[in-house]
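Here is a short report on one protein model. Look at the sequence and structure first, then read on.

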Amino acid sequence: MTLPAKAPEERAFAAPWQAQAFAMTLSLTERGLFTWVEWAAALAAEIARAPDSEYYQQWLAALERLATAKGITTASELDRYQRGWDKAAHRTPHGAPIVLGEGDLHG
């Protein structure tokens with residue numbers, strides 16, 4: 001059975017990365033790396049810090065801050081992956097899937 005496609009205004013996520021950030025948050029809480037109370041406080045703090053940002057930009061920033069504060073990752077590791085994804089995106093032809101390679105994470 002195929003579900004009917006939803007109109008853009010009915011979708012929970014405007015872009016795949018938003019769904020991925022949501023899923024990562026669920027996974028990290030299910031694994032016990034932080035609690036829902038900690039998550040709610042982190043998201044509320046990020047919304048207060050950047051009230052004019054888009055909601056999922058706030059979500060991602062809160063996730064990055066909380067993951068860093070809990071020692072799940074480091075700011076330098078997040079920066080390395082952001083640079084790597086940017087590098088991979090720039091070399092990928094329009095319309096093709098972006099693939100992060102080991103070389104994207106170095107240099």
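Start with one residue. Leaving aside neighbours within four places in sequence, Trp39 is in contact (heavy atoms within 4.5 Å) with Thr25, Phe34, Trp59, Ala62, Leu63 and Leu66.

The model is predicted: local features need pLDDT of at least 70, side-chain atom pairs count only at pLDDT 80 or more, and totals for chains, interfaces and linings use all residues. Residues are numbered from 1 along each chain as its sequence is written, and side-chain values use heavy atoms, without hydrogens and water.

The protein has four helices and zero strands. Helices here are DSSP runs (H or I) of at least four residues, strands (E) of at least two, numbered from the N terminus.

Trp39 belongs to the largest nonpolar core, which has eleven residues, among them Phe34, Trp59, Ala62, Leu63 and Leu66. Such a core is a set of buried Ala, Val, Leu, Ile, Met, Phe, Trp, Tyr and Cys residues joined through side-chain atoms within 4.5 Å. Buried means under 20% relative accessible area, with a 1.4 Å probe and protein chains only.

H3 gives the most, with five residues.

H1 and H3 also meet each other. Residues including Ala21, Thr25 and Leu28 in H1 meet residues including Tyr56, Trp59 and Leu63 in H3. The residues of this contact divide into nine nonpolar, three polar and no charged.

Across the protein, buried residues make up 23% of the 107 residues.

Definitions and conventions:
Buried < 20%, exposed > 50% of the residue type's maximum accessible area, 1.4 Å probe, protein only. Nonpolar A, V, L, I, M, F, W, Y, C, P; charged D, E, K, R; others polar.
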